[in-house]
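Subject: Structure handover

Hello,

Please find the structure below. My notes on the ligand sites follow.

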Amino acid sequence: MGQSRKIIIDTDPGQDDAVAILLALASPELDVLGVTAVAGNVPLELTAKNARVICELARRDDMPIFAGCDAPLNRKLVTAEYVHGKTGLDGIELPTPEMPLADGHAVDFLIAQLRENAAGTITLCPLGPLTNIATAFQRAPDIIGRVAEIVLMGGAYFEVGNVTPAAEFNIYVDPEAAEIVFRSGVPMVVMPLDVTHKVLTTRARVEGFRNLGNQAGRAVASWTNFFERFDMAKYGSQGAPLHDPCVIAYLLQPELFTGRHVNIEIETTGTFTLGMTVVDWWRVTDRDANAMFMNDVDAEGFYKLLTERIGRLQ
Ligand code: BDR
Ligand code: CA
């Protein structure tokens, strides 16, 4: 195997963020330089704690974990305890983390890593609101051209919104940050609800995790069990969408996903459409394409990969 790909995971855990982080840590193709926490599903104090709970579960207490922005660029934070529970990681009781947070701010870490590593070698993997990434781009515009690629979970188009009729949660929470990132010129791959609502848990898939017999498998099964109830009640679906692991699965097996390279603009002023990702799927404008917008996935292949990798952990 060639050199592993350097990534930084920017996250607001969240059960599905947790599964994404475990997938990355279980995969030798990826070199996780650090984990940066942002406010989103739950406030920053909890996302920064949860990131450490997850890394300790994966026996990676050496991982640098930084706390980042505690509120969107210029809005009040909207959280999602109604989906993820009070802690953000409800579903299984895990030990309070012993590893400390790394010193310094997540934004400074992002800037320093992008400056210190060769240009075009770091892929950013945002799994929550884009506040940390946008702040880093605003503060240090010189790093923008040094990012290899951004692969993120966020947005929705044909699938419409999950937090308002038009908007997906991660983009809705900080639309101004999303606008900065989508207009940055960095090559982007977007995993929207159109994809993530196709990777639903089923009884068999959850039992597949539990039957791995390791602690990570039990945690993934318990988290997804908890997380399921919300989407099943809301959509009448068979299970829960594992949104954020799609980002990491794409880095490992891009052929699982299909989409189109199109223009995506972020709605920052709409009365009813704030935070909408306006995707020019049919290429009806002459706006330049700025992102690969995925809309389909091989769900069986995705769960096969995820289950096999989670099985490699303790
Ligand atoms: C996104 O919002 C969060 O609740 C999930 O962790 C995911 O990143 C889905 O809209
Ligand atoms: Ca998330």
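Start with ligand 1: the space it takes is the largest cavity. A cavity here is a set of points, on a 1 Å grid over the protein atoms alone, where a 1.4 Å probe fits but cannot get out. The model is predicted, so local features need pLDDT of at least 70, side-chain atom pairs count only at pLDDT 80 or more, and totals for chains, interfaces and linings use all residues. Residues are numbered from 1 along each chain, chains are lettered from A and ligands numbered from 1 in the order written, and side-chain values use heavy atoms, without hydrogens and water.

Which residues surround ligand 1? They are D16, D17, N41, H84, L127, M153, N162, E168, F169, N170, H243 and D244 (a heavy atom within 4 Å counts as near). Three of the shell residues are nonpolar, five polar and four charged.

Now the polar contacts (pairs of N or O atoms within 3.5 Å). An oxygen atom of ligand 1 lies 2.7 Å from an N or O atom in the D16 side chain. For the D17 side chain, the distance is 2.9 Å. A polar side-chain atom of D244 is 2.7 Å from a ligand 1 oxygen.

Next, the calcium ion, ligand 2. Its protein donors (N, O and S atoms within 3.2 Å for Ca) are D12 (OD), D17 (OD), D17 (OD), L127 (O) and D244 (OD), at 2.3 to 2.5 Å. Along the chain they follow the spacing D-x4-D-x109-L-x116-D. Water is not among the atoms, so the site may look incomplete.

Best wishes

Notes: Polar contact = N/O pair within 3.5 Å; in protein donor to acceptor, adjacent residues only side chain to side chain. 1 Å grid on protein atoms, 1.4 Å probe; cavity = no way out; pocket = protein on both sides within 12 Å on 5 of 7 lines; lining within 4 Å. Sits in = over half its atoms within 2 Å of the grid points. Nonpolar A, V, L, I, M, F, W, Y, C, P; charged D, E, K, R; others polar. Donors = N, O, S within 2.8 Å, 3.2 Å for Na, K, Ca; no water.
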